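Here is a short briefing for a first look.

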Amino acid sequence: MEIVEYFSSSYLLTGLWIAIQITAVAMVAGLALGLVLAMMRLSSIRAISGIAWVYIWIMRGTPILLQLIFIYDALPRFGIRLDPIPTAMIGFALNEAAFAAEFIRGGILSVNRNQTVAAAALGMGQFVTQIRIVLPQALRAIAPQIGNGTISMLKGTSLASVVFVNELTFRAQQIVATNFDFFTVFIAAAALYLCATTLISIGQLSVERKLDPELRTLRRGPSMWARWVTGVRTPTPTAVAPAPADGEAVTGEVGNDNKPDDHIIIRALASTGLSQVHESPDTPFVVCKNVRKSYALRGRGPLEVLKGVDFEVQRGEVVAILGVSGSGKSTLLRLINHLEELNGGEITVDSKHVGYEMRKGKLVPSKRLSKARADARIGMVFQSFDLFDHKTALENIIEAPIHVYGMSREAATKRGMQLLEGVGLAAHAEHLPMRLSGGEQQRVAIARALATEPKLMLFDEPTSALDPELVGEVLAVMRTLAEAGMTMIVVTHEIRFAREVADRVVFMDQGVIVEQGSPEQVLENPRELRTQQFLRMVEEH
């Protein structure tokens with residue numbers, strides 16, 4: 001009974017409330033400062049990264065008890081006098097920031113770098129990418145650490161008694177000093193700590209469940225009982241039919257056959273500017289002049305990937321680029337969209353430099369690179385799909401239209417469903433990437449790129465990561481885009497696709513263009529020995 005009395009004692013409960021207040025304020029402030037420190041640690045500028053490292057080294061390497069005493073004793077010397085509770089809040093916050101910086105940095109590094117590259121290709125700036133793409137995924141790894149840190153801090157507030165904070169443990173000691181009833185008083189104090197930490201653990205579990213994208217999609221669908229009965233883990237949405245063209249009747253059901261609908265794709269692309277694509281057929285849409293790119297390798301000197309490439313693509317033209325791995329094909333695509341910087345030469349798309357501006361007669365990267373990418377309207381589809389793992393198929397498609405181009409959610413959703421129907425995946429709108437096959441993921445990736453209303457589409461080996469039976473469904477969508485007049489540059493090993501769809505075939509080797517011409521010229525009657533060797537090698541496999 002005495003334990004129950006102490007457990008409900010207003011004196012001890014007030015001490016617990018003080019400990020909770022210190023913990024709450026210190027954790028919020030510590031996490032905010034920790035996020036700043038984590039970003040500083042990830043900076044490519046050594047001075048900024050070094051400052052953060054030194055702070056973390058000092059705060060993690062010295063006891064919190066000494067830090068509290070130092071703050072309590074040092075600040076008055078500068079004319080800053082704080083009460084014990086604010087002193088404790090500051091001390092715990094500064095200490096927690098050092099630990100938070102490292103687990104936040106670890107969470108950010110756990111997110112696949114391809115996610116940020118895909119976001120950049122959609123025109124997202126660094127801030128939007130961090131807030132919308134990286135941190136939501138990193139939080140799944142960070143949340144347990146935040147919970148552990150909060151619990152540890154709540155228990156560690158007992159150290160604040162050194163600066164005369166009258167918290168729970170200190171008050172328990174004061175009671176014991178008067179009645180010497182060690183067992184019952186400290187058991188009651190321990191029970192109060194346990195109740196508080198249990199609530200924190202429950203909150204941590206709730207946050208983790210909300211951050212789980214699979215559970216999030218399940219909550220949108222049927223009841224848990226219905227999912228157990230049917231075995232369906234992810235709900236099937238009602239497809240939204242696109243508005244019919246003038247004078248055209250819509251027949252049949254939406255999204256039933258899981259196959260691309262070329263007519264719907266063409267209708268969905270009606271507003272992308274394709275109707276104007278042949279206005280100036282003699283003016284090259286993409287121009288590469290003496291393009292050079294090299295990478296610095298430690299201890300080995302620079303590795304030259306592109307060695308003065310000259311390359312043009314006409315409006316509405318489909319160009320297939322062939323070549324062995326390491327020949328510079330993918331690098332050329334990334335340079336066109338300014339996902340990487342040029343070392344020499346220049347590239348223009350629609351007569352404009354993407355992310356470069358002329359200063360004193362020299363091209364230099366623009367400070368507003370993300371806006372330049374968005375304005376260029378270049379869609380890109382990657383070899384490994386690179387869908388945003390925490391977002392559904394539909395959310396992947398509407399992300400850039402809403403947060404880059406300012407489209408309303410209603411309009412973006414309608415357009416997204418049109419594109420999903422066009423690629424045969426309207427019934428999969430609420431599915432996460434993990435619930436889609438490779439071919440389905442790649443078709444969603446194509447729809448995501450098309451949602452930005454691109455003038456140019458870049459495909460970086462879009463079928464190389466797919467099983468042979470899934471290649472056809474992706475190539476069918478690409479054929480439809482070619483028929484619609486989309487300007488396309490396709491890095492591929494699909495010789496049949498290049499032969500049937502491409503207007504021109506380019507063969508690259510060791511960073512240079514070896515041969516180019518019509519599919520009949522390059523694939524049927526190659527002039528260069530290196531091209532002949534490559535084609536024989538492909539046919540053998």
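**Helix packing**

Helix α15 (residues 393-403) and helix α16 (residues 409-422) cross at roughly 135°, and their axes come within 9 Å. α15 and α16 are therefore oblique to each other. The model is predicted: local features need pLDDT of at least 70, side-chain atom pairs count only at pLDDT 80 or more, and totals for chains, interfaces and linings use all residues. Residues are numbered from 1 along each chain as its sequence is written, and side-chain values use heavy atoms, with hydrogens and water left out.

- Helices (H or I, at least four residues) and strands (E, at least two) are DSSP runs, numbered from the N terminus.
- Axes are lines fitted to C-alpha atoms, for helices over the stretch in contact, and angles run from 0 to 180 degrees between N-to-C directions.
- Angles under 35 degrees count as roughly parallel, over 145 as roughly antiparallel, 65 to 115 as roughly perpendicular, and the rest as oblique.

- Helix α2 (residues 10-41) packs against helix α7 (residues 126-156) at an angle of about 140°, with the axes 11 Å apart.
- That makes α2 oblique to α7.

**Helix α8**

- Leu168, Arg171, Ala172, Ile175 and Val176 are the buried residues of α8 (buried is under 20% relative accessible area, exposed over 50%, partly exposed in between, with a 1.4 Å probe and protein chains only).
- Seen down the axis of α8, these buried residues fall within an arc of 145°, so they line one face of the helix; the arc is that of the directions from the helix axis to the C-beta atoms.
- Exposed Ala177 and Thr178 sit on the face of α8 turned away from its buried side.
- Glu167 caps the N-terminal end of α8, with a side-chain oxygen 2.9 Å from the backbone nitrogen of Thr169.
- Phe180 follows α8 and has a positive phi, near 55°.

**Positive phi in loops**

- Ser351 is not a glycine, yet its phi is positive, near 65°.
- Ser351 lies in the loop between β4 (344-349) and β5 (356-359), and at 56% relative accessibility it counts as exposed.
- Arg377, also not a glycine, has a positive phi of about 55°.
- Arg377 is found in the loop between α14 (369-376) and β7 (378-381), and at 23% relative accessibility it counts as partly exposed.

Key
A polar contact is a pair of N or O atoms within 3.5 Å; within protein, one must be able to donate a hydrogen and the other to accept it, and residues adjacent in sequence count only if both atoms are side-chain atoms.
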